[in-house]
Amino acid sequence: MLTGAGISTDSGIPDFRGPRGVWTEDPIAELLSTYDNYMADPELRQRAWIARRDNPAWQARPNAAHRALVRLAQARTVNIVTQNIDRLHQRAGSPPESVVEIHGNMFEVECTVCDFRTTMSATLERVAAGEPDPPCPDCGGILKAAVIMFGQQLNLRSMLTAQLVAETSDIFLGVGTSLQVEPAASLCGIAVEHGADLVIVNAEPTPYDSMATEVIRDPIGTALPDLVADLLARPDS
Ligand SMILES: [Zn+2]
């Protein structure tokens, strides 16, 4: 399955592109997430670390939809490809090895030059201690959150794993995603080409609705638990 921002809005994490989305309200936030701007401008990076510190996702808790997928995984093989960086699937109890974070995650920090990685909390402690734009301790390079920014390539290994999930699913769910960002969206097409039933759970229409065997427009917080109960009641397929 593929999950997007819509599965986390009930947890208090705003949808980036929705009517009350982060970027709609604050165009600076989009600049902070654009790789070339981030790399070129130390002041922008300082703002980016502050924005990470103040991100509502730190206080967010998994919701009924995340928990429903944990229940489903107790009975079926469930692989989750997520566009979300909030780790709410894992925090709900989905096994980490079953979650592919194609846009990275906000809990880790990586060096833009070498292989250094650390936690976001350790890096934010450095910011709080007086380093507004903390450099890599190994090579002095620029650090960034381990998320895919605009203008950055997706991680090849993650994308290949995501493709494999699409190719091998009997039922492929597209949950809380507008299916407008490639290459994530095309995973739905790949799944259908390989024989999966596509079920879309999203408030707004998507370009893949016509391929779907079922389209559910109800709120995800109730629709997904209902769908999972329905899948668990079916004989194993
Ligand atoms: Zn480095």
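Student: What makes β4 and β6 count as paired strands, and in which direction do they run?

Tutor: In this predicted model, four bridges join β4 to β6. Pairing requires at least two bridges between two strands, so β4 and β6 count as paired. The two strands run antiparallel. Within this pair, G104 stands opposite V147 in β6.

Student: Which strands make up the sheet that contains β4, and in what order?

Tutor: Three strands form an open sheet in the order β5-β4-β6, and their pairing is antiparallel. The edge strands are β5 and β6, the latter spanning residues 143-147, and each of them pairs on one side only. From one strand to the next, the twist averages 40°.

Student: Which helix lies across β4 and β6?

Tutor: Helix α4, residues 42-53, lies across these two strands and runs at about 45° to β6. Helix α7, residues 120-128, also packs on the sheet, where it touches β4, β5 and β6. The direction of α7 makes about 80° with that of β5.

Student: How do you know whether F116 is buried or exposed?

Tutor: The relative accessible area of F116 is 18%. Buried means under 20%, so F116 is classed as buried. F116 is found in the loop between β4 and β5. Leaving aside neighbours within four places in sequence, F116 is in contact with several residues, including C111, C136 and L143.

Student: Which residues are the protein donors of the zinc ion, and what makes them donors?

Tutor: The donors are the SG atoms of C111, C114, C136 and C139, lying 2.2 to 2.4 Å from the zinc ion. In sequence, the donor residues follow the spacing C-x2-C-x21-C-x2-C.

Student: Why is the arrangement of the four donor atoms around the zinc ion called tetrahedral?

Tutor: The four donor atoms subtend angles of 103 to 115°. Four donors count as tetrahedral if all angles lie between 85 and 135 degrees, and therefore the arrangement around the zinc ion is tetrahedral. The ideal angle for four tetrahedral donors is 109.5 degrees.

Student: How do you know whether C136 is buried or exposed?

Tutor: C136 has a relative accessible area of 3%. The limit for a buried residue is under 20%, so C136 is buried.

Student: Why is C139 called partly exposed?

Tutor: Its relative accessible area is 38%. Partly exposed covers the values between the buried limit of 20% and the exposed limit of 50%, so C139 belongs in that class.

Student: Which strands form the parallel sheet, and in what order?

Tutor: Six strands form an open sheet in the order β3-β2-β1-β7-β8-β9, with parallel pairing. β3 and β9 stand at the edges, each with a single partner strand, so one side of each has no neighbour in the sheet.

Student: What makes β8 count as paired with β7, and with β9?

Tutor: Five bridges join β7 to β8, and three bridges join β8 to β9. At least two bridges are needed, so both pairs qualify. V201 of β8 has V175 opposite, and V201 also stands opposite I216 in β9.

Student: Why is strand β8 described as largely enclosed?

Tutor: Four of the five residues of β8, residues 197-201, are buried, so the rest of the structure largely encloses this strand.

Student: What is the handedness of the β-α-β unit made by β7, helix α9 and β8?

Tutor: The unit is right-handed. The term applies if, with the strands pointing away from the viewer, the path from the first strand over the helix to the second runs clockwise.

Student: Which residues of α9 are buried, and what covers them?

Tutor: The buried residues of α9 are L187, C188, G189, I190 and A191. Their cover includes β1, β2, α8, β7 and β8. Just after α9, G195 takes a positive phi of about 95°.

Student: How do you know whether S94 is buried or exposed?

Tutor: S94 has a relative accessible area of 2%. A residue is buried under 20%, so S94 is buried. S94 lies in the loop between α6 and β3. Apart from neighbours within four places in sequence, S94 is in contact with V70, I80, H89 and V99.

Terms used
Residues numbered from 1 in each chain as written. Predicted model: local features only at pLDDT ≥ 70, side-chain atom pairs only at ≥ 80, totals over all residues. Heavy atoms only, no water. Donors = N, O, S within 2.8 Å, 3.2 Å for Na, K, Ca; no water. Tetrahedral: all angles 85-135°; square planar, octahedral: opposite > 155°, others 65-115°. Buried < 20%, exposed > 50% of the residue type's maximum accessible area, 1.4 Å probe, protein only. Contact = heavy atoms within 4.5 Å. Axes fitted to C-alpha atoms, helices over the stretch in contact; angles between N-to-C directions.
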